Amino acid sequence: MASNPVFYLLLFLLVSLLFQSSIIVNGRLLLPLQPKPSRKDHVDYARWLAAENSWGMLSTISIEMDGAPFANVVSYSDGAPGQGQGIPYFYLTTLDPTARDIEKDHRSSFAVSEFPVGTCGTLDPEEPPCARLTLSGKLKMIPNDTSEADIAKNALFLKHPAMRGWPKDHNFQFYKLDIENIFLIDWYGGAKPITVEQYLQYPNMEKLASTSIM
């Protein structure tokens, strides 16, 4: 069967289709789970950014630098692929400054960029058409043995399988950002007005999930 020319033709067409629907960035093959939305639907774009990214910059009020802001690169997930709820979940340890900071002050901001998704082309990450999203609010630990802890675990471990093997003696815990403010730049003209209610109650995630290529 392997020597059948029809087999190789079908294999070639499959690989070609895969690469046409993918984007190579810094040597990595990226497969967007959801199609890039229209820039006219700002809520759609914000939720897409939250769903497509896997890491971002989490900023807290530092207890070790007398209240100065401290930004940290962290992995996150807003839900299982195609089922994102827009709420960033994190897996953090108090051996790291970020988790220690919120023991005193929960105020936090979390920023993601379209650039790592691979859909900005040759644009600089700071150029407005290369969208960026900042979610601000309060970062809180999720109590163990709760349904939300199960949701966070499922969301994070599906997107970041390596987390399953992180050291148990580091006392990693699940956290979430309770969103209070949303800042989105997805085109020229300044930040786009989005309320927290609009963002969290966005109705079209099932539609987007149905068009997923994964």
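1. Which residues does F90 touch, not counting residues up to four places away in sequence? In this predicted model, F90 touches L58, V74, S75, Y76, F110, L139, L156, Q173, F174, Y175 and L177. Touching here is contact, that is, heavy atoms within 4.5 Å. Keep F90 in mind, as we will come back to it.

2. A word on how to read the values. Residues are numbered from 1 along each chain as its sequence is written, and side-chain values use heavy atoms, with hydrogens and water left out. Since the model is predicted, local features need pLDDT of at least 70 and side-chain atom pairs count only at pLDDT 80 or more, while totals for chains, interfaces and linings use all residues.

3. Now the overall plan. The chain has six helices and eight strands; helices (H or I, at least four residues) and strands (E, at least two) are DSSP runs, numbered from the N terminus. Starting at the N terminus, the elements follow the order α-β-β-α-β-β-β-α-β-β-α-β-α-α.

4. Next, what is covered and what is open. Among the 214 residues of the chain, 41% count as buried. Buried means under 20% relative accessible area, exposed means over 50%, and partly exposed lies in between (1.4 Å probe, protein chains only). The accessible surface is about 11,900 Å², and carbon and sulfur atoms hold 59% of that; such areas come from the Shrake-Rupley method with a 1.4 Å probe, and for residues only the protein chains shown count as cover. As for contacts in the chain with a separation of 6 or more, 67% are between residues 24 or more positions apart.

5. Six strands make an open sheet with antiparallel pairing, in the order 4-3-6-7-8-5. Two strands pair if DSSP finds at least two bridges between them. Strand 4 and strand 5 are at the edges with a single partner strand each, so one side of each has no neighbour in the sheet. On average, neighbouring strands of this sheet are turned by 35° against each other, direction ignored. Strand 5 is joined to strand 8 by four bridges, and the two run antiparallel; Y89 has K176 as its bridge partner in strand 8.

6. Two helices meet these strands. Helix 2 packs on the sheet and touches strand 6, strand 7 and strand 8, its direction making about 60° with that of strand 7. Helix 4 lies across strand 5 and strand 8, at about 85° to strand 5. Axes are lines fitted to C-alpha atoms, for helices over the stretch in contact, and angles run from 0 to 180 degrees between N-to-C directions.

7. How much of helix 2 is buried? Ten of its eleven residues are, so helix 2 is largely enclosed by the rest of the structure. Its buried residues include D44, R47, W48 and E52.

8. Back to F90, as promised. The largest nonpolar core has 29 residues, and F90, L133 and Y199 are those with the most contacts inside it. Helix 2 (42-52), strand 5 (89-92), strand 6 (107-113), strand 7 (132-141), strand 8 (173-185) and helix 5 (196-200) each supply at least two residues of this core, and helix 2 gives the most, with six. Apart from this core lies another, of eleven residues, among them I87, L156, M163 and F174. A nonpolar core is a set of buried Ala, Val, Leu, Ile, Met, Phe, Trp, Tyr and Cys residues joined through side-chain atoms within 4.5 Å.

9. The structure holds one disulfide, meaning a pair of cysteine sulfur atoms within 2.5 Å. C120 and C130 form it, with their sulfur atoms 2.0 Å apart. The link is right-handed, with 85° about the S-S bond, and both C120 and C130 are buried.

10. Finally, two backbone details to look up. Most residues other than glycine have a negative phi. D66, in the loop between strand 3 (55-61) and strand 4 (69-75), has a positive phi near 55°. D66 is exposed, at 80% relative accessible area. D145, in the loop between strand 7 and helix 4 (147-159), has a positive phi near 60°. D145 is exposed too, with 80% relative accessibility.
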